[in-house]
Protein chains: 2
Amino acid sequence: MKIQPPPGMRDFYPEDMRIQNWLFDHWRSASRVFGFVEYEGPIFEYLDLYRLKSGEEIVSQLFHFQDRGQREFAIRPEMTPTLARMVAARANSLPRPIKWFSIPRMCRSEKPQRGRLREFYQWNADILGVDDPLADAEVIAVAVEFLRQVGLTRDEVAIRISSRPVAAALLRSIGVAPDRADRAFALIDRHDKLPPEEFARQWDETFGRQAPAARLRDLLDRTTLETCLAIAAREADAARASEQVRELWRRLRDLGVAEYCEFDLNIVRGLAYYTGIIFELHRRKPGLRALLGGGRYDNLTAMLDGPSVPGVGFGMGDAPVLELLSKLPRLSEMIDAFLIDAAPEFFPSLIEIAGDLRRDGVAVDFSYKRQPISKQFKLAAGREARFAVIVGSELASANSLTLKNLGTGEQRLVLRDDLKAAIRS
Amino acid sequence: MKIQPPPGMRDFYPEDMRIQNWLFDHWRSASRVFGFVEYEGPIFEYLDLYRLKSGEEIVSQLFHFQDRGQREFAIRPEMTPTLARMVAARANSLPRPIKWFSIPRMCRSEKPQRGRLREFYQWNADILGVDDPLADAEVIAVAVEFLRQVGLTRDEVAIRISSRPVAAALLRSIGVAPDRADRAFALIDRHDKLPPEEFARQWDETFGRQAPAARLRDLLDRTTLETCLAIAAREADAARASEQVRELWRRLRDLGVAEYCEFDLNIVRGLAYYTGIIFELHRRKPGLRALLGGGRYDNLTAMLDGPSVPGVGFGMGDAPVLELLSKLPRLSEMIDAFLIDAAPEFFPSLIEIAGDLRRDGVAVDFSYKRQPISKQFKLAAGREARFAVIVGSELASANSLTLKNLGTGEQRLVLRDDLKAAIRS
C-alpha cells in the first residue's frame with residue numbers, strides 16, 4: 001500500500017533539513033546576541049485557549065480532536081496564546097523583562113493547494129513586562145539583525161509600522177465612530193488584496209455617510225509620520241500613543257535599524273488583540289504576503305486570569321523567508337575524514353581507527369562494502385570529506401597511515417598517534 | 001478564564017529549554033561524528049500509515065482527527081513509519097547507505113498520569129540499504145558515543161542485544177511451534193513486568209504442553225551467547241542469523257563499544273516489524289523502562305510499495321534519559337556583556353553601542369529602566385554576563401568606556417573601538 005505525505009505538509013530530506021537548520025541557526029544567533037532566551041510549549045493546547053483569544057470562527061482553521069476523556073485540543077496555529085498562558089502561570093516569579101524567543105512548529109487547516117502550507121515553523125520573539133516603546137524597538141531590531149545576517153538589505157525589504165491607537169485617532173479625524181474602528185481596521189487589512197474600486201465600494205457601503213473612501217485614501221496615501229502624529233495628538237486619548245510612536249522612532253535610530261523602517265497606516269494586523277504599535281515585514285515589491293507580523297498586546301495575560309503583563313513581539317514564518325532568499329549559501333554536511341582500506345584485510349583496523357577518531361569528536365565515515373580504493377575515493381568525494389585516510393600495510397610496518405587532503409590533493413604519511421591532530425589542523 | 005497546559009504535555013521554560021538543547025546538542029554531535037545526516041517529517045501522517053504498520057489496535061493510542069475533506073490523520077507516535085515512507089518514495093535515487101538521524105517530537109494518547117508523557121522527543125538514528133551486521137554495529141555504536149559524551153559508563157547502563165531469528169530458533173529448540181513464535185515474544189516482552197509465578201502461569205497456559213515455563217526459564221537465564229548460537233545453528237534457517245550475531249559482536253569489538261553490550265534473550269521488542277537483531281538500552285538497576293529500543297527491520301519499505309530496502313535503527317526518548325542523568329551540568333544562558341549607564345543622559349549612547357556590538361555578533365543586553373548603577377550591576381550578575389560595560393562621561397571626553405570582568409572583578413578603561421576585541425579576548 002502506497003501512502004503519500006499528508007497534503008500541505010513537508011518532508012525534509014537531508015538537503016532540505018540543512019537549509020532549515022541554516023535558517024534556525026540564524027534565528028537563534030540573532031535572538032541570542034539580543035539577549036533573548038529560548039522556550040517551547042506543547043504541540044497542541046486546549047481548544048478553548050484559541051477560542052478565548054480569537055473567537056469561535058478560529059475553530060474551523062484548526063486541526064482539533066478529543067482525547068478519550070472528551071477533552072478538546074487543537075494543534076497550535078500560533079505561539080502567542082501558549083506564551084501568554086506560560087507567562088500568566090508564573091507572572092509573579094519570572095524575572096523581568098521576560099525576553100523570550102522560540103522556533104515552534106505549528107499547523108493551520110488550510111485547504112490543500114500549491115504554496116499553502118498546513119504545517120510551518122515560525123520564529124517568535126517577544127518582550128513582556130515592559131511598557132516602554134524601547135521594548136517595541138528591541139523586537140523590531142532583532143528582526144533587522146536577522147535580515148542583516150542573511151544579507152537582506154533595506155532595498156529589498158522594509159518593516160512597515162503603524163499604531164492601533166494612532167490609526168484609530170486618525171480614523172476618528174475623518175469621521176469613523178470610535179466603536180466602528182475594528183470594522184474599519186478589518187477592511188483596511190484587505191486594502192492591498194482588493195482592486196481600488198472594489199475597496200472603495202465596500203468602504204462606502206459601511207462608512208460612506210460619515211467618512212467617504214476618498215478621505216480615507218488621502219489618509220492612507222499621503223500622510224507622513226509627522227502629520228499623522230500631529231493630527232492624532234489633537235484627538236482625545238491619542239496624545240500618549242503619538243508620543244510613543246515618536247519615542248519608538250528615536251529608539252530605532254539609536255539602535256541603528258531605522259533605515260529598515262517606515263511608518264505606514266495600511267498596516268493594521270487582522271487579529272484583534274493588538275493594543276499599540278503594530279508592524280509587518282514586506283518585500284519592497286508590492287502585493288506579496290507579509291514575511292513577519294507583530295505588535296504590542298497588553299491584555300493577553302489578563303484574559304487568562306493572570307496579572308496584566310504588557311507584551312510586544314512578532315512571528316516570522318519559515319517558508320516566505322526561504323522563498324525570498326533565492327541565493328542560499330551552498331550548504332554541505334561535510335565530514336572530517338573518510339577512511340579507506342588499501343585491502344580488505346586492513347578493514348578491522350580501519351574500523352578501530354574510526355572508533356578512536358569519533359570518540360575524539362572527529363567526524364568520520366567509511367564504506368560498508370569492501371571495494372577498490374578508487375571506488376572508496378569516489379565515496380569520499382561524494383561525502384565532501386576534507387581528508388581521506390588510507391589504512392594499509394604502513395600501519396603494521398610503521399604505525400602510520402596515508403593522509404590525503406582532498407581539497408589540495410596533498411598527501412603524506414602520518415603516525416597513527418598524530419592522525420587526529422593532523423586532521424584537526 | 002484560566003487555561004491549564006494540556007495533561008501529560010510539557011512547558012519548556014527557559015531553564016528547561018536549556019536542558020533540552022543540551023541534550024539535543026549531544027544527540028546531534030554524536031550523530032555527526034558518525035556521519036549521520038539529519039532529516040525531518042510532518043508532525044502528523046495519514047492514519048493508514050500507522051494502521052498498515054501496527055494494525056487497528058494502534059488507533060486508540062493515537063491522537064487522530066479528520067480535516068474538512070474527511071481525510072484521517074494522526075499525530076506521529078514514532079518516526080520509523082515516516083522514515084520508511086520517505087525512503088520508499090526515493091528509494092532509487094537516494095545515495096546508499098542512507099545514514100540518517102532525526103530528533104522528532106511525537107505524541108501518544110496515554111491516560112494522563114504522573115510520569116506518563118503524552119508528548120516527547122526522540123532521537124532516531126537509522127541506516128538503510130545495508131544488510132551487513134556492520135550497520136547494526138554502527139547504530140549501536142552511535143548510541144554508545146552519546147552515552148560516553150554525557151558520562152554514562154558501562155557500570156550504569158548496558159545495551160542488551162538479541163536476535164529475532166536466533167530467539168525463534170531457540171524457542172523451537174524447547175518446543176514452541178514456529179507459527180507461535182510471535183505470541184511467545186509478546187509474552188516474553190512482559191517477562192520483566194510480571195511476578196515470576198504469574199509469568200509461568202500465563203506461559204504454561206499457552207505453551208505448557210509443548211514447552212513448559214521451566215524450560216523457557218533455563219533458556220532465558222542461563223544461556224550464554226556462545227551456547228545460544230550453538231543451539232540456534234543446529235536449527236533450520238537459523239545458521240545465517242547466528243553467524244550474523246557473531247559478526248555483529250566482532251564489529252562491536254572493532255568499534256570499541258562491546259564493553260557496553262550484552263547478549264540477552266529477554267529482549268524481544270513488542271513491535272512486530274523487527275526481522276533481525278533487536279536491542280534495548282537499560283540501566284543496570286533492574287525493573288526500569290528501556291531508555292532506547294531498536295533493531296533491524298527489512299520489510300518496511302516494501303510494505304509501502306517501495307523497493308525492499310533493509311534497515312536498522314533505534315529511538316531514544318528524551319524524558320527517560322534526562323531522568324537518569326541526575327547530575328546535569330550547570331547550564332546558563334550567558335551573555336557576553338551587560339551595558340550600564342553611569343547616568344540617564346548616556347542612555348542613547350549606550351543603546352547605540354549595544355546595536356554596534358550585536359551587529360558584530362557580541363551578545364549584549366541592558367536594563368530597559370533607568371536606575372542606579374548598583375541596580376544595573378545586580379541585573380548584570382543575574383544575567384551571568386561575562387563583562388559589564390559602563391557608559392559614562394569618559395565616552396565624550398576620551399572615547400572610552402569602563403570594562404569590568406565580572407568573573408575576576410578586574411576593571412579598566414578601553415577605547416570604544418577596542419571594546420569588541422576586549423570582550424572577545
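B:N399 is partly exposed, with a relative accessible area of 34%; here buried means under 20% relative accessible area, exposed over 50% and partly exposed in between, computed with a 1.4 Å probe on protein chains only. B:N399 is not a glycine, yet has a positive phi of about 50 degrees. The residue sits in the loop between α15 (394-398) and β16 (400-405) of chain B, where helices (H or I, at least four residues) and strands (E, at least two) are DSSP runs numbered from the N terminus. The structure is a predicted model, in which local features need pLDDT of at least 70 and side-chain atom pairs count only at pLDDT 80 or more, while totals for chains, interfaces and linings use all residues. Residues are numbered from 1 along each chain as its sequence is written, chains are lettered from A and ligands numbered from 1 in the order in which they are written, and side-chain values use heavy atoms, with hydrogens and water left out.

A positive phi, of about 65 degrees, is also found at A:Q70, again not a glycine. A:Q70 belongs to the loop between β3 (64-66) and β4 (72-75) of chain A and counts as exposed at 54% relative accessibility. In chain A, the peptide bond joining A:R96 and A:P97 is cis, with omega about -5 degrees, and A:P97 is in the loop between α3 (80-89) and β5 (98-102). In chain B, a cis peptide bond runs from B:R96 to B:P97, with omega near -5 degrees; B:P97 is placed in the loop between α3 (80-89) and β5 (98-102).

Over all chains, 80 salt bridges are counted, a salt bridge being a side-chain nitrogen of Lys or Arg within 4 Å of a carboxyl oxygen of Asp or Glu. One of them pairs A:D136 with A:R296, with the closest N and O atoms 2.8 Å apart. A:D136 is in helix α4 (residues 133-149) and A:R296 in strand β11 (residues 292-297) of chain A, so this pair ties together parts 160 residues apart in sequence. A:D136 is buried at 2% relative accessibility, and A:R296 is buried at 6%.

In the salt bridge between A:E262 and A:R284, the closest N and O atoms are 2.3 Å apart. Strand β9 (residues 261-263) of chain A holds A:E262, and the loop between β10 (277-283) and β11 holds A:R284, so parts 22 residues apart in sequence are tied together. A:E262 is partly exposed, at 31%, as is A:R284, at 35%.

In chain B, B:R71 and B:D67 form a salt bridge with a closest N to O distance of 2.8 Å. B:R71 is partly exposed at 29%, whereas B:D67 is buried at 4%.

A:E145, in helix α4 of chain A, is buried but has no salt bridge, and the nearest side chain of opposite charge, A:R148, is 5.4 Å away; Lys and Arg count as positive and Asp and Glu as negative, with His and the chain ends not counted. Neighbours within four places in sequence aside, A:E145 is in contact (heavy atoms within 4.5 Å) with A:A30, A:V33, A:F34, B:R358 and B:R359.
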